[in-house]
Amino acid sequence: IFYVYRNFDMKTVGQWASVYLNGKPLAVLPEESYSFARLKPGKHNVKIYKHGLVTGDKERPYYDVTFEVSAGKTIYMRWSTLMGNPDVMLEAGEATRMVSVNAVEDGFVHKDLGRSEIAVTKLVTPAQIGAITSIR
């Protein structure tokens, strides 16, 4: 299972993210929210578009990576880690890059931390462009 979430962070107030998984909309994450998808083993792509009250919508993804999932693996990605981190921002014209699901600098967090932080957030439901139950 792939979880993407957003905990409270003063640096990202007034911003939100549109999350796309394998080219399909997964979630729009407001403050303190999460969504998830059940993934089959193999390579998957996540793109995150940044939106903000001051900055407006961005036409190109802020973040675009490909990662590999093994059977039975649960992955947690914290969006707040990515915002404000210029090292992960996708430069104009740059293509997706392959990353490890263990790379903290790429937004992935340990399952214990992910579970504890998600516990104080709210699920973005499918009716709110939330969880995709199965993605190829």
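Where is the place of V13? V13 sits in the loop between strand 1 and strand 2. Helices (H or I, at least four residues) and strands (E, at least two) are DSSP runs, numbered from the N terminus. The relative accessibility of V13 is 45%, so V13 counts as partly exposed. The terms are set as follows: buried is under 20% relative accessible area, exposed is over 50%, and partly exposed lies in between (1.4 Å probe, protein chains only).

The model is predicted: local features need pLDDT of at least 70, side-chain atom pairs count only at pLDDT 80 or more, and totals for chains, interfaces and linings use all residues. Residues are numbered from 1 along each chain as its sequence is written, and side-chain values use heavy atoms, with hydrogens and water left out.

V13 belongs to a nonpolar surface patch together with F8 and M10. The accessible area of the three residues together is about 330 Å². Patches are made of residues with over 30% relative accessible area and no salt bridge; like charges are joined within 9 Å, and nonpolar side chains (Val, Leu, Ile, Met, Phe, Trp, Tyr) within 5 Å. Accessible areas come from the Shrake-Rupley method with a 1.4 Å probe; for residues, only the protein chains shown count as cover.

The protein chain holds two helices and 11 strands. Along the sequence, their order is β-β-β-β-β-β-β-α-β-β-α-β-β. The protein chain has 136 residues, of which 49% count as buried. Its accessible surface comes to about 7,200 Å². Carbon and sulfur atoms account for 55% of that surface. Among contacts (heavy atoms within 4.5 Å) between residues at least 6 apart in sequence, 70% join residues at least 24 apart.

In soluble globular proteins, nonpolar side chains tend to be buried together. A nonpolar core is here a set of buried Ala, Val, Leu, Ile, Met, Phe, Trp, Tyr and Cys residues joined through side-chain atoms within 4.5 Å. The largest nonpolar core has 22 residues. Within this core, F2, V46 and F67 touch the most other members. At least two residues come from each of strand 1, strand 2 (15–21), strand 3, strand 4, strand 5 (42–52), strand 6 (63–69) and strand 7. Strand 6 gives the most, with four residues.

Rings of Phe, Tyr and Trp (its six-membered ring) pair if their centres lie within 6.5 Å; planes under 30 degrees apart count as stacked, over 60 as edge-to-face and the rest as tilted. The count comes to six aromatic pairs. One of them joins Y3 and F36, with ring centres 6.0 Å apart and planes at 40°, so the pair is tilted. Y3 lies in strand 1 and F36 in strand 4, so this pair ties together parts that are 33 residues apart in sequence. Y3 is buried, at 18% relative accessibility. F36 is buried too, with a relative accessible area of 18%. The rings of F67 and F108 have their centres 5.6 Å apart and their planes at 65°, so this pair is edge-to-face. F67 lies in strand 6 and F108 in strand 9 (residues 108–109), so the pair ties together parts that are 41 residues apart in sequence. Both F67 and F108 are buried. Ring pairs also link Y3, Y34, F36 and Y76 into a cluster.

Side chains of opposite charge can pair when their charged atoms come close. A salt bridge requires a side-chain nitrogen of Lys or Arg within 4 Å of a carboxyl oxygen of Asp or Glu. The whole structure contains three salt bridges. One of them joins E31 and R6, at 2.8 Å from N to O. E31 lies in the loop between strand 3 (24–29) and strand 4 (33–39) and R6 in strand 1 (residues 2–6), so the pair ties together parts that are 25 residues apart in sequence. E31 is partly exposed, at 24% relative accessibility, whereas R6 is buried, at 0%.

A salt bridge also joins R78 and E117, with the closest N and O atoms 2.9 Å apart. R78 lies in strand 7 (residues 75–78) and E117 in helix 2 (residues 111–118), so the pair ties together parts that are 39 residues apart in sequence. R78 and E117 are both buried. In helix 2, D112 and R115 lie three residues apart, about one turn of the helix. Their side chains meet in a salt bridge of 2.8 Å, N to O. D112 is partly exposed, at 43% relative accessibility. R115 is partly exposed as well, at 44%.
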